[in-house]
Amino acid sequence: MPSQTTASFTFTVLIVGIVVILFFVVFFYLFIVQLHRRRILHQKEVVDLKVQYEQTILQSQLEIQEQTFKNISQEIHDNIGQVLSLAKLNLNTIPNPENAEKIALTEELLGKAISDLRDLSKSLNSEKITDIGICEAIKQELTTVEKAAHVKTTFLCDDHEITLGNEKTIITFRMMQEMLNNILKHAKAKNITVNIAKHPQEIVIHIIDDGIGFNPAELKETETGIGLKSIQQRSKLINAACSIHSAPGKGTDIQIVIKA
């Protein structure tokens, strides 16, 4: 009988020991899992803070840039444009038929300069961009590019009443200017096509050129990659997706998808 009691007691102690060990094992397991979750959450918070910080910096830079553009636009309109207009008017008062041809040519050149400055002023003024809308703003920018760089441009838009809101309109337009600038500087393209399509949940913009193309994977941040990196950063600022498709000798197709 004592041996049975001893055996029962030993068995009970063993069970209790196993339960205690299992308890500590489960406790430490849950502790490690919780610690791991906290570490992941902390890492996510650090990444989110970094992204938020970068977006705040970018937003501040864009606001400063837009204010600078606005000041330049106003200066062109109020001063430089007015001076050139007066110079053009004064040419008409020169009574010298011997120089009539030169005067006419000079007047024509001044007229072109005034027109180009007016277009430049419009493209710099964010208020005018939001007033006319993204489609008309891009259309006018392509016209300016075609006149200045002798590049053939094509603009396609299935809905000219597309509205994005002021911030998205301005950022999208500045991205377009950056892309066009990259094309003119690096692509050696003869044709540029911009296609804007409106879908129920998104707006898709394609910028296509027939230039020399490049390998996106080989871009270096110290070279042409800077401009494209800036475009991708601006895309994130308006919660848009930017993808680049290109290959040497096959031109480039940049797609921007903006949530409507």
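**Reading the chain, its pocket and its side-chain pairs**

Analyst: Along the sequence, the elements of the protein chain follow the pattern α-α-α-β-α-β-β-α-β-β. Helices (H or I, at least four residues) and strands (E, at least two) are DSSP runs, numbered from the N terminus. The model is predicted, so to speak of local features requires pLDDT of at least 70, side-chain atom pairs count only at pLDDT 80 or more, and totals for chains, interfaces and linings use all residues. Residues are numbered from 1 along each chain as its sequence is written, and side-chain values use heavy atoms, with hydrogens and water left out.

User: How many helices and strands does the protein chain have?

Analyst: The secondary structure comprises 5 helices and 5 strands.

User: What share of the residues is buried, and what share of the contacts joins residues at least 24 apart?

Analyst: Burial is read from relative accessible area: buried means under 20%, exposed over 50%, and partly exposed in between (1.4 Å probe, protein chains only). Of the 260 residues in the protein chain, 30% are buried. A contact means heavy atoms within 4.5 Å. Among contacts between residues at least 6 apart in sequence, 68% join residues at least 24 apart.

User: Which residues does Q59 touch, not counting residues up to four places away in sequence?

Analyst: With those neighbours left out, Q59 touches E167 and L237. Q59 is placed in helix α1 and is partly exposed, its relative accessible area being 22%. Between Q59 and L237 the separation is 178 residues in sequence, yet 7.8 Å in space, C-alpha to C-alpha.

User: How is a pocket read, and what is the volume of the largest pocket?

Analyst: Rolling a probe the size of a water molecule over the atoms shows where empty space is left. On a 1 Å grid over the protein atoms alone, a cavity is a set of points where a 1.4 Å probe fits but cannot get out, whereas a pocket is an open set with protein on both sides within 12 Å along at least five of seven lines; lining residues have an atom within 4 Å of a point. Grid points are joined across faces, edges and corners, and the volume is the space filled by probe spheres set on the points. Here the largest pocket has a volume of about 450 Å³. It is lined by 21 residues, of which L120, S123, E141, V145 and Q177 are the closest to its centre.

User: Which helices each supply at least two residues of that lining, and how do its residues divide by type?

Analyst: Helices α1 (2-91), α2 (100-124), α3 (126-149) and α4 (166-187) each supply at least two. For the types, Ala, Val, Leu, Ile, Met, Phe, Trp, Tyr, Cys and Pro count as nonpolar, Asp, Glu, Lys and Arg as charged, and the others, Gly among them, as polar. The lining of the largest pocket has 8 nonpolar, 5 polar and 8 charged residues.

User: Is Q177 buried or exposed?

Analyst: Q177 counts as buried, because its relative accessibility is 17%. This residue lies in helix α4, and it touches S123 and E141 when residues up to four places away in sequence are not counted.

User: How many salt bridges are there, and where do they lie?

Analyst: A salt bridge is a side-chain nitrogen of Lys or Arg within 4 Å of a carboxyl oxygen of Asp or Glu. The count comes to 2. In one of them, the side chains of K147 and D119 meet at 3.0 Å, N to O. K147 lies in helix α3 and D119 in helix α2, so this pair ties together parts that are 28 residues apart in sequence. K147 is partly exposed at 40% relative accessibility, and D119 is partly exposed at 21%.

K259 also forms a salt bridge, with E202, and their closest N and O atoms are 3.8 Å apart. This pair links distant parts of the chain, with K259 in strand β5 (residues 252-259) and E202 in strand β3 (residues 202-209), 57 residues apart. Both are partly exposed: K259 at 44% and E202 at 24%.

User: How are aromatic pairs described, and how many are found in the whole structure?

Analyst: A pair of aromatic rings is described by the distance of the centres and the angle of the planes. Rings of Phe, Tyr and Trp (its six-membered ring) pair if their centres lie within 6.5 Å; planes under 30 degrees apart count as stacked, over 60 as edge-to-face and the rest as tilted. The search finds 3 aromatic pairs. One of them, F23 and F27, is stacked, at 6.4 Å centre to centre with 20° between the planes. F23 and F27 both lie in helix α1, 4 residues apart, about one turn of the helix. F27 and F28 form an edge-to-face pair, at 5.7 Å centre to centre with 75° between the planes. Ring pairs link F23, F24, F27 and F28 into a cluster.
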